[in-house]
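Please work through each task before reading its solution.

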Amino acid sequence: MIHYKGIGKTGLALAVVAMLAMTAVSFVCRPAIRISGELGICLPSPNLWDINPVSSWIMNTVLLGAVAAGGFFLNRTHNFIRSTQPVLPAMFLLLAGSNPWLNYYLSSSTLICVVNLMALSVLFGEYGSRNATQTMFAIGTFISIGSMFQYAMLPMTVAYILGAIIMKAFRFKEFLALGMGLVSPYWVGVGLGLISPDAFEVPDITNLFSDFAKASETFVMVVSVGIAIVFGGLLALNNSIKLYAGNSRVNALNMTVTLLGFVSSVCIIVDFSNMLAYLGTLYFYVAVQVSNLCALWKMKREWLAVLIPGVIYIGFFLGMILGG
């Protein structure tokens with residue numbers, strides 16, 4: 001593993017403080033509107049849960065922190081970013097904290113990011129596995145249960161299938177296991193009468209060019225998300241040069257994360273009114289790319305790679321708060 005002087009604990013601590021400050025401001029100065037979408041296939045989505053606002057904010061903040069910590073320890077376990085520096089959690093916290101719609105109440109975005117982190121944790125251990133049926137069944141189950149509350153979980157299936165193929169852990173039996181995992185929760189729920197057939201709804205897909213995109217309250221957010229998509233894509237292409245020439249396992253693990261980011265980016269454009277659901281995963285993917293940039297290219301001033309986008313997104317945050 002490559003060791004170099006990075007942002008260290010001080011940089012991470014500053015990112016945590018900035019994130020907590022932004023979440024506190026978001027809670028006090030809440031955006032004037034809530035982003036629409038948030039449709040569960042057969043169960044109410046998180047924005048409809050009857051949770052005390054303070055409790056919702058606390059739970060969301062804790063879960064965002066858990067994702068940041070989980071990403072750090074995921075790397076310590078599987079070493080897909082060749083560095084022990086906490087760039088990933090620091091960058092994720094800054095990006096997630098910069099979006100008032102993401103950080104002031106418990107939303108699908110945070111929960112989907114948690115589910116994706118869980119799925120990555122089990123999938124990363126299956127590189128080159130001759131039998132990954134239990135893992136693919138578990139991933140299918142995660143996605144299926146999540147889709148009951150938010151249909152945005154379903155497109156993630158594509159990323160995990162392609163990721164498992166790249167990781168040489170996907171054959172016909174894994175395909176069957178994934179399918180069983182996707183079907184089983186619905187089968188059990190309807191069969192036991194826990195879910196009524198009348199509860200199923202078809203999502204209303206709204207693209208980027210709809211009237212929703214013209215809402216002045218969300219203009220700054222749209223710009224910030226667009227930059228994150230472009231920035232993440234450019235970094236992924238840049239990092240792939242080094243990753244492709246390196247360890248095949250590390251390359252496969254990073255490709256899986258990149259696929260998740262690509263699926264999230266496409267879904268934001270295709271399903272724009274429900275864009276919030278994909279943002280947490282998008283920010284996690286961008287944080288991984290920034291971490292790889294620092295590690296793969298041996299940046300001597302790593303703190304700049306976190307500070308510059310951090311300052312920009314804090315600026316976006318202020319624009320969204322003041323604009324609302």
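Axes are lines fitted to C-alpha atoms, for helices over the stretch in contact, and the angle between two of them is taken between N-to-C directions, from 0 to 180 degrees. The model to which this is applied is predicted.

**Exercise 1. Determine how helix 5 and helix 10 are oriented relative to each other.**

Solution. Step one is to locate the elements: helix 5 comprises residues 108–123, and helix 10 comprises residues 248–270. Step two is to take the packing geometry: the axes of helix 5 and helix 10 lie 11 Å apart, at an angle of about 155°. Step three applies the cut-off, by which angles over 145 degrees count as roughly antiparallel. Helix 5 and helix 10 are therefore roughly antiparallel. Their crossing is right-handed.

**Exercise 2. Classify the packing of helix 7 against helix 10.**

Solution. Helix 7 spans residues 156–166. Its axis is 9 Å from that of helix 10, and the two pack at about 160°. The pair is therefore roughly antiparallel. As to handedness, helix 7 passes helix 10 in a right-handed crossing.

**Exercise 3. Describe the crossing of helix 1 and helix 2.**

Solution. Helix 1 covers residues 8–28 and helix 2 covers residues 53–78. Their axes come within 11 Å and cross at roughly 155°. This angle makes helix 1 roughly antiparallel to helix 2. The crossing of these two helices is right-handed.

**Exercise 4. Is Leu 106 buried or exposed?**

Solution. Leu 106 is situated in the loop between helix 4 (100–103) and helix 5. Its relative accessible area is 5%. Since the limit for a buried residue is under 20%, Leu 106 is buried. For a distance along the fold, the C-alpha atom of Leu 106 is separated by 29 Å from that of Leu 235, 129 residues apart along the chain.

**Exercise 5. Assign Trp 187 to an exposure class and identify the surface patch to which it belongs.**

Solution. Trp 187 belongs to helix 8, residues 172–191. Because exposed means over 50% relative accessible area, Trp 187 counts as exposed at 68%. Trp 187 forms a nonpolar surface patch with Val 183, Val 188, Leu 192 and Leu 194. Together these residues have about 610 Å² of accessible area.

Methods:
Residues numbered from 1 in each chain as written. Predicted model: local features only at pLDDT ≥ 70, side-chain atom pairs only at ≥ 80, totals over all residues. Heavy atoms only, no water. Patch = residues over 30% accessible without salt bridge, like charges linked within 9 Å, V, L, I, M, F, W, Y side chains within 5 Å. Areas by Shrake-Rupley, 256 points an atom, 1.4 Å probe, with all protein chains shown as cover. Salt bridge = Lys/Arg side-chain N within 4 Å of Asp/Glu carboxyl O. Helix = DSSP H or I, 4+ residues; strand = E, 2+ residues; numbered from the N terminus. Buried < 20%, exposed > 50% of the residue type's maximum accessible area, 1.4 Å probe, protein only. Parallel < 35°, antiparallel > 145°, perpendicular 65-115°, else oblique. Left-handed = near helix turned anticlockwise from the far one by under 90°.
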